[in-house]
Amino acid sequence: MSTDDEGRVKDPMGYDPRQLFSTLTPLDHDYERPSRPYRCGRERMWSKSCTIGPSGSGRCRGVYECAPHFKDGRHECRRAPRAGGPCANGPLPDGSCSLKRSPCVPVLNSRAIRDRIGALVAMAAVALIATFLAFGAESVAWMSSLNPGDLSGAHGRFTGEDGCSTCHPPHKFGSAEWLAAAFSANPPTKQCVTCHTFGGPAEAAHNTEFPDAEGAGASLTCVSCHTEHKGTAADIAGISDAQCNKCHKTRFVSFSDGHPAFDKTYPHQRKTTLNYDHVSHRRKHFSDPKMVEYAPKSCSGCHLVDEARRRVAPAGFDVACADCHGDQMAQREMVLMRLPEFEENLIDAAEIMDSCGPTLEQFELLQERLESYEAGDEPEEDEDDEEDFSGVGDDVDPLMAFLLQVDQDDIESYSEPAQTLIEELAIDGMAALSDRIGEATDAVPVAALLAGLNPELVKRAACAWAANVEYEAPEGAGFGGWLGDFAEIRYRPAGHGDPVVLAWIEYAIAAAAVADDDMIDQAIEFRDGLLDRKRGVGACTKCHAITDRGATDAETSGDGIDLAVQWTYHAQREGGHLKFNHAPHINLLGRDFGCKRCHAIDKDADFAAAFASHNPHNYLSNFLGIDVKTCTECHAAGLVRQDCLLCHEYHLEPRFKKQMTAQDE
Amino acid sequence: MAGVSATTLSLGRLLVPIVAAAVVVVFAGYTYQADLRLVDTSFVTGYVLLVMMIGLFLLRWRKRLSMVPLGRAAIWLAVHLIGGVLAVAAFWIHTGSLWPISVFEQLIALLFYFVSLSGIFGYVIQRVYPRRLTQTGREIIYERIPAAVGELRAVAESLVLECAEKTDSDTLCRYYLETFDWYFRAPRFFFSHATGGARGEFWARHHCGTVRRYLSTGELPYLEKLTELLDAKNVVDVHYAGQRMMKVWLWFHVPTAIGLLILSLWHFLVMNVYGS
């Protein structure tokens, strides 16, 4: 395309527009290469660019068409051929180009623009990180680049002044240490266990060592399951059924599809603490016309269904039992001391007289003699000073035999110690008894054992026995508690849960446990007398089970020494990995008769036999075991939840090491 | 032979997505199984994702170092495309959700999605526009478009001046000043051309038809020539719109990828300090 001096195209009608698209190579300008960052600014005006183009730094070099060359005394135009060749006017006399144009503002090419935007974004990103860092994780947590999200509601309040470093120690490090921490392991488990504790190793599966399990050595950390920073409402305690199935050898699709059958006796494997035979009560006692009015109409008559959780505890003696059994405790007394039969009186009568004064017979005898003296008569001589000495019983009572360390039925063995004790009681008071009780074992305070025992009663009884007469209780005695009567000091329980009775039973158990070989027979005789279901004090063990703590399984009973009476119902939480809540089931099935849906009575079970033994592992409930199908009637696909965590807990006895909530001062 | 080649090509094209899908399945399967074993997979998936992002970013340097024999650019681009798709899968596997919780991670996710979507947009553009430009039957280098616009404008102006001089009629000249001058000043109807429309062509024909009825016989040949120039300008405009789009999308894709990489490296560092 040629133009005239005014810039007009010389032959516009002959112009062929196709030529615009036909000359792809070679390039008209070397700076057309994409790697050159700047292009002629005339392109901005959609005009043809100059042939020289801008410099690499973006300076316009197209003000002049060329840079004339001085040769042989004259200046020559050096305009490039692709720009039209040497111009007609040629250089000016001063050697400058005659075709001067206004300078342009070079424009960046596309790649350069992209690079500049990239540099800006990179700087913005770095600035953003710095800005986010400036907002400390504690001050404006949501803005911090260190905070991947809010803590769960349970943990949000417990970081305290330490902030992030409560769980992430590197947070308080200096810059160098902070960077170094990126290349070292910092599992937060160590921080977790500053607050949390379990019934076993924190990093062991289920907090339990499984030495034979496949992959037993695999390391688990708290964050293997509990991933924090997922928001205040996040559930961070979840574990899926598939994850359970991954480790457990017995694998199944779901609870309703393949879950192993429950044990035949589930959930009645553990011996109950009460010897309560549901079958005999229902069949025999509740149908007795004399008792029918006291019989419960449903399970809720005796069990606290409104307070049901894992267990549905009995309502307690006063509510559930007292109507029929309320007066039975007071009928079972305990003999503290009984005057045995002696062959020979070894007691110093003069000292007893000094300490106790004369008995009624002695007083009357003295009075007769005094009257004789006054009348001038000679008093009659005693026919026989060595009178027969006799008690009311055949032998010493078990407690005395134990305390005095004598054979209960060997009169030669116990005669002297028993009389010594009586003499001491008469002269020195109750200390003679309490000291001996305390010497046997200090497992139970003597004060608890002898609570309410009047020292005067003991002294009077001892004085009477020392004087070879029966103790006569004052009028009106016998409402309960300690009482002296003829040749005995006894304790009559006031009712259920009598503390003195409990103390004596615990004392007897402890004494038997610590007794040496010489005394073990007496200790066991004493203990078994109290624990006897038919004769024992307060009839406690008629209902409360006795456990031999030495028994390890149903076949291996203990030696009968280390016993315990189950005074309380099973604790609410038994530990382990099983959990169950009766409450929603009762709510759904009904509080009175809904229990029968799962708990069916086994009429043929020999329930009583289990309580003849003290082995806690030897037990046969009078309820049938629950079949898994009973549960899957509701807990199945498409019905009620049936995931593993509904009934099982991963951790063993999760607890806190310290108090986690603030207390008002 | 041609049939065999076509079959081989089809199999080759099928093989790539199949292999990519298999990689995703294997990776997702590994993380799922590890998760079942209570193994924290967030670090493994994070490292893989970071390596993938760095690998994807290398395409930028492959372009810069075109003089170094680092393999064919087409292969690099194919790897970039497949890697990009795999990175999206790896991102979801890593985060376990579509949208993270914290503001900083949301920013990373935002950039990641923007880079991914812009990449998809760019891929579509690179597949659509070259064909559309080829359909014009003309080729023009992007850098020469300003000169071509200027040349067409100069010819058009000279043409209408010559028309006025030789026909003693200024009808075409005045109409040019009122309408066509605007058209020749710069590329026009960008969005119409970018979206495959033909507004530019219709506009030119409409105005040629409008002015034709007012022209004398002597002026008509000039109008015909001007129509040629208008057609050429329309082709230039189509090329400008297409090539501009093919360059400009990278203004968003590449810088955002740089920002994403920087934020991801910081995230990597923080997670290793606090989370390991």
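This section describes the nonpolar cores, salt bridges and surface patches of the structure shown above. The structure is a predicted model, in which local features require pLDDT of at least 70 and side-chain atom pairs count only at pLDDT 80 or more, whereas totals for chains, interfaces and linings use all residues. Residues are numbered from 1 along each chain as its sequence is written, chains are lettered from A and ligands numbered from 1 in the order in which they are written, and side-chain values use heavy atoms, with hydrogens and water left out.

Nonpolar cores were taken as sets of buried Ala, Val, Leu, Ile, Met, Phe, Trp, Tyr and Cys residues joined through side-chain atoms within 4.5 Å. The largest nonpolar core comprises 69 residues, of which Leu336(A), Trp482(A), Ile489(A) and Trp504(A) touch the most other members. The most is given to this core by helix α15 (residues 499-514) of chain A, with 10 residues. A second, separate core of 49 residues includes Met53(B), Ile108(B), Leu133(B) and Met245(B). Helices (H or I, at least four residues) and strands (E, at least two) are DSSP runs numbered from the N terminus.

Over all chains, 29 salt bridges were found, a salt bridge being a side-chain nitrogen of Lys or Arg within 4 Å of a carboxyl oxygen of Asp or Glu. In one of these, the closest N and O atoms of Arg101(A) and Glu65(A) are 2.5 Å apart. This pair links distant parts of the chain, 36 residues apart: Arg101(A) lies in the loop between β3 (74-76) and β4 (107-108) of chain A, and Glu65(A) in the loop between β1 (38-39) and β2 (69-71) of chain A. Arg101(A) is partly exposed at 30% relative accessibility, while Glu65(A) is buried at 13%.

A salt bridge also forms between the side chains of Arg60(B) and Asp115(A), with an N to O distance of 3.5 Å. Because Arg60(B) belongs to helix α2 (residues 42-64) of chain B and Asp115(A) to helix α1 (residues 110-134) of chain A, the pair joins two chains. Arg60(B) is buried, with 16% relative accessibility; Asp115(A) is partly exposed, with 23%.

Within chain B, Lys225(B) and Glu228(B) form a salt bridge whose closest N and O atoms are 3.4 Å apart. These residues are separated by about one helical turn, because they stand 3 residues apart in helix α9 (residues 220-274) of chain B. Lys225(B) is buried at 9% relative accessibility, and Glu228(B) is partly exposed at 37%. In chain A, a network of salt bridges links Glu333(A), Arg338(A), Asp485(A), Glu488(A), Arg490(A) and Arg492(A).

Surface patches consist of residues with over 30% relative accessible area and no salt bridge, like charges being joined within 9 Å and nonpolar side chains (Val, Leu, Ile, Met, Phe, Trp, Tyr) within 5 Å. Ile54(B), Leu58(B), Trp61(B), Leu65(B), Met67(B), Val68(B), Leu70(B) and Leu265(B) make a nonpolar patch of about 700 Å². The most is given to the nonpolar patch by α2(B), with 3 residues. Leu70(B) occupies the loop between α2 and α3 (73-95) of chain B and is partly exposed at 37% relative accessibility. A positive patch is formed by Arg282(A), Arg283(A), Lys596(A) and Lys603(A). Arg283(A) is located in helix α6 (residues 278-285) of chain A and is exposed, at 55% relative accessibility.

Notes: Accessible areas come from the Shrake-Rupley method with a 1.4 Å probe; for residues, only the protein chains shown count as cover. Lys and Arg count as positive and Asp and Glu as negative; His and the chain ends are not counted. The place of a charge is taken as NZ of Lys, CZ of Arg, CG of Asp or CD of Glu. Buried means under 20% relative accessible area, exposed over 50%, partly exposed in between (1.4 Å probe, protein chains only).
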